[in-house]
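Good morning, everyone. Today I would like to speak about aromatic rings and their neighbours.

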Amino acid sequence: MNFELTVLPLVEISADVEVVIVVDKNLKHNFVQDKKLLKKAGFSCGQDETCLLVEKNRLYVGATSLKSTDIRRAAANAIKALKGTKYKTIKVASYTNKGCTYTFRAMIEGFILGSYSFETYKSKKNKNKIKEITISLEEYSERSLDIEKIAEQIHKAQITADATNFTRDIVNTTPDDCYPDVMASIAEGMAEDVGLKCNILKPKQLRKEKMETLLAVARASRHKPRVIHLTHKPKNAKIKVTLVGKGLTYDSGGLSLKPADYMVTMKSDKSGGSAVMGIMKAVAELDLPIEVHGFIGAVENMIGGDAYKPDDVLVAKNGKTIEIRNTDAEGRLVLADVLCYAQQEVQSDYLFDFATLTGASVVAVGHYTSSVMGNNKEVQNFVVKEAQNSGELATALDFNDYLKKTIKSEIADVCNISNTRYGGAITAGQFLSEFIDKKHTDKWAHIDIAGPAFVEHAWGENPFGASGAGVRMMVKLLEKLSAQNTH
Ligand code: BES
Ligand code: ZN
Ligand code: ZN
């Protein structure tokens with residue numbers, strides 16, 4: 001999909017179809033040329049509601065306000081509404097929120113995110129036919145816009161949304177086609193394309209690094225595990241950030257086998273690791289002036305005679321012993337070792353991990369929201385704020401001492417599950433905190449993306465399947481840090 005920017009007013013642009021966003025039900029706006037027809041068609045201008053006037057070659061879509069979240073969703077829904085039509089080119093005006101170009105960027109993101117479909121396994125493809133979107137600098141509130149600033153927002157939006165779609169593609173790929181070695185190859189190929197360093201650790205090195213809990217989870221699978229380390233290291237970077245992702249290419253639950261209904265969609269248990277890959281791609285393409293490291297634990301959790309078991313005691317890389325009481329709480333075991341390895345390799349100013357870690361997070365905050373945990377409220381709030389600025393939903397969940405006691409073990413340093421059914425997202429986060437060094441205690445946030453990572457009923461700018469949760473929020477946060485880097 002190509003974007004072209006022009007100073008020409010909308011009337012002078014030729015395109016197959018015009019997209020008009022009706023903001024706050026304002027049908028009196030001069031962009032709305034078909035008020036009577038729209039009323040006749042019963043178009044009530046609600047958020048995401050669309051009305052295609054075929055004879056006029058105009059598509060109207062509602063948005064509650066000029067806020068970036070509303071415009072992003074509207075643009076995504078506009079492009080979805082055009083799927084199946086023969087239109088190949090679009091023209092659209094510029095929308096900003098009182099001159100704030102976040103809204104403009106959001107519109108571009110919405111077009112790219114909304115046009116995504118995963119059709120690898122369909123014999124008959126039904127891709128979106130839109131090839132070209134021409135954007136007029138004619139602005140909704142008649143503001144004059146700086147063409148260079150606007151062009152930069154298009155560039156950033158394309159990188160961010162393409163990285164999100166890249167993540168979606170990895171997550172949507174089936175477990176038989178995307179296992180740890182494949183994830184490593186995808187990372188290597190992407191790194192080569194965008195100029196990142198990529199180091200892959202295979203079982204021999206993983207044993208050498210004493211990543212025994214990760215190896216135990218991987219043991220029953222015919223697919224050997226990998227740890228992927230991607231590096232973006234520009235000269236004179238003053239800020240360092242480490243990202244860690246859970247990359248369970250399949251989570252059957254292991255011997256504590258998941259019920260059949262719960263196993264479906266567990267190809268999405270690699271969403272955290274896939275998000276880290278997408279974020280690293282964007283970081284390289286945006287050429288951010290900060291140092292960013294991405295670590296991914298790519299593992300498959302299966303059953304078999306060689307499987308790790310409830311009652312085992314495993315020793316993590318940092319020497320802590322873990323009593324296993326449920327092999328389905330495997331993500332925290334993989335992350336324990338990868339977090340230790342990441343902290344050994346790089347001392348960072350921020351450490352973030354992304355994981356589809358618990359069903360409890362979904363119960364606590366719903367399907368649309370990621371939960372953000374950690375020891376430092378400021379870091380947690382930073383993530384939540386940038387998530388919201390990026391169009392993702394996130395909320396902070398607080399640790400407490402009482403829940404911490406529920407992961408105590410009688411026979412080892414810590415247990416891999418809690419002794420209570422409640423607060424499972426938090427106890428999982430507190431388990432991970434056992435593997436955060438003192439020097440990173442206040443620099444770490446854990447982001448549980450189990451809710452939004454996989455979409456079973458399309459919402460917002462997310463079609464069915466992987467959403468790419470985590471990518472946009474972290475790209476926004478890293479852009480913010482990049483702005484501070486120069487000071
Ligand atoms: N991958 C799952 C968590 C999950 C559930 C992700 C639903 C996405 C949607 C994780 O490995 C898991 O199985 N967690 C268990 C933990 C329990 C055994 C303490 C869970 O949430 O039930
Ligand atoms: Zn599990
Ligand atoms: Zn899992």
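Does Trp459 count as buried, partly exposed or exposed, and what is its relative accessibility? This is a predicted model, and in it Trp459 has a relative accessibility of 23%. The limit for buried is under 20% and that for exposed is over 50%, so Trp459 counts as partly exposed.

Let us turn to the ring pairs. The structure holds 11 aromatic pairs. One of them joins Tyr350 and Phe382, whose ring centres are 5.9 Å apart. Their planes stand at 55°, so this pair is described as tilted. Tyr350 belongs to strand E13, residues 350-355, while Phe382 belongs to helix H12, residues 377-390. The pair therefore ties together parts that are 32 residues apart in sequence. Phe382 itself is buried, because its relative accessible area is 16%.

Trp459 also has a ring partner, Tyr368. This pair is edge-to-face, with 4.9 Å from centre to centre and 90° between the planes. Tyr368 lies in the loop between helix H11 and strand E14, and Trp459 in the loop between strands E18 and E19. The pair therefore ties together parts that are 91 residues apart in sequence. Tyr368 is partly exposed, at 44% relative accessibility.

Which residues do ring pairs link into a cluster? They are Phe31, Tyr95 and Tyr140.

Finally, I come to charges over rings. The charged end of Lys476 sits over the ring of Tyr102, 4.0 Å from its centre. Lys281 lies over the face of Phe166, at 5.6 Å from the ring centre.

Thank you for your attention.

Definitions and conventions: Residues numbered from 1 in each chain as written. Chains lettered and ligands numbered in written order. Predicted model: local features only at pLDDT ≥ 70, side-chain atom pairs only at ≥ 80, totals over all residues. Heavy atoms only, no water. Phe/Tyr/Trp six-rings, centres within 6.5 Å; stacked < 30°, edge-to-face > 60°. Helix = DSSP H or I, 4+ residues; strand = E, 2+ residues; numbered from the N terminus. Buried < 20%, exposed > 50% of the residue type's maximum accessible area, 1.4 Å probe, protein only. Lys NZ or Arg CZ within 6 Å of the ring centre and 35° of its normal.
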